[in-house]
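Q: Could you go through this model with me? I would like to start with single residues and then move on to the whole fold.

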Amino acid sequence: MIDENGRLESGQTDPQTFVLVPPKNSGNSQGVYLTRKDVGEVQLAKAAIAAGIQLLMEELQITEDDITEVRVAGAFGNYMNPTSAGEIGMFPRSLVGRVRSIGNAAGEGAKLALLSREELKISEELAHRTDFIELAALPEFQDCFVEQLGFEEQE
């Protein structure tokens with residue numbers, strides 16, 4: 001019902017809105033809808049993540065085969081379905097089985113560091129070994145981002 005460019009092809013009257021649950025069945029008298037704007041927001045997030053993965057692999061000179069696990073933190077990770085994310089091209093399909101939600105990683109890490117001097121020391125050492133890469137500042141980011149905006153065509 002959504003083509004590879006993000007257009008709604010539902011066959012319903014309004015091409016900008018798809019009725020998921022009609023008002024009479026929703027229990028809220030308004031209904032539940034999927035709009036073109038909703039699809040656009042997913043496209044932007046999907047493109048940013050897919051471009052980020054691609055550019056980080058290039059920067060680190062690794063392939064998908066070199067990645068043993070993908071950890072996704074926060075609410076995004078809790079509610080994201082890795083299979084669906086792979087189907088739309090958010091993650092390379094070969095990584096889908098290696099995606100793991102880790103919840104509120106920042107909050108849990110802060111608690112560990114506050115409660116244990118050893119964990120604090122480990123986190124400080126890790127911070128010193130970590131490199132920061134501003135993906136949006138890379139010259140190829142914009143082109144890569146635009147390439148990733150479409151959804152993968154379903155077979």
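Q: Where is the place of Q61?

A: Q61 is in the loop between helix 2 (36–60) and strand 3 (70–73), where helices (H or I, at least four residues) and strands (E, at least two) are DSSP runs, numbered from the N terminus. Before we go on, please keep in mind that this is a predicted model, in which local features need pLDDT of at least 70 and side-chain atom pairs count only at pLDDT 80 or more, while totals for chains, interfaces and linings use all residues. Residues are numbered from 1 along each chain as its sequence is written, and side-chain values use heavy atoms, with hydrogens and water left out.

Q: Is Q61 buried or exposed?

A: Q61 is exposed, as its relative accessible area is 74%; buried means under 20% relative accessible area, exposed over 50%, and partly exposed in between, with a 1.4 Å probe and protein chains only. The phi angle of Q61 is near 55 degrees, which is a positive value in a residue other than glycine.

Q: And what is phi of S29?

A: Phi of S29 is near 65 degrees, again a positive value in a residue other than glycine. S29 sits in the loop between helix 1 (23–26) and strand 2 (32–35), and S29 counts as exposed at 64% relative accessibility.

Q: What about G31, buried or exposed?

A: G31 counts as buried, with 11% relative accessibility, and G31 lies in the loop between helix 1 and strand 2. If neighbours within four places in sequence are left aside, G31 is in contact (heavy atoms within 4.5 Å) with V21, P22, P23 and S26.

Q: Now helix packing: at what angle do helix 5 and helix 6 cross?

A: The axes of helix 5 (residues 105–115) and helix 6 (residues 117–129) cross at roughly 125 degrees and come within 5 Å; axes are lines fitted to C-alpha atoms, for helices over the stretch in contact, and angles run from 0 to 180 degrees between N-to-C directions. Helix 5 and helix 6 are therefore oblique to each other, given that angles under 35 degrees count as roughly parallel, over 145 as roughly antiparallel, 65 to 115 as roughly perpendicular and the rest as oblique.

Q: Which residues make that contact?

A: Helix 5 contributes L112, A113 and L115, and helix 6 contributes R117, E119, L120 and S123.

Q: Fine, and the whole fold: how many helices and strands are there?

A: The protein has seven helices and four strands, and from the N terminus on its elements run β-α-β-α-β-α-α-β-α-α-α. The radius of gyration is 20 Å, well over the 15 Å that the globule rule gives for 155 residues, so the protein is more spread out than a compact globule; this radius is taken over C-alpha atoms, and the rule is 2.2 Å times the number of residues to the power 0.38.

Q: What does the C-alpha trace span along its principal axes?

A: The C-alpha trace spans about 60 × 40 × 30 Å, and buried residues make up 26% of the 155 residues.
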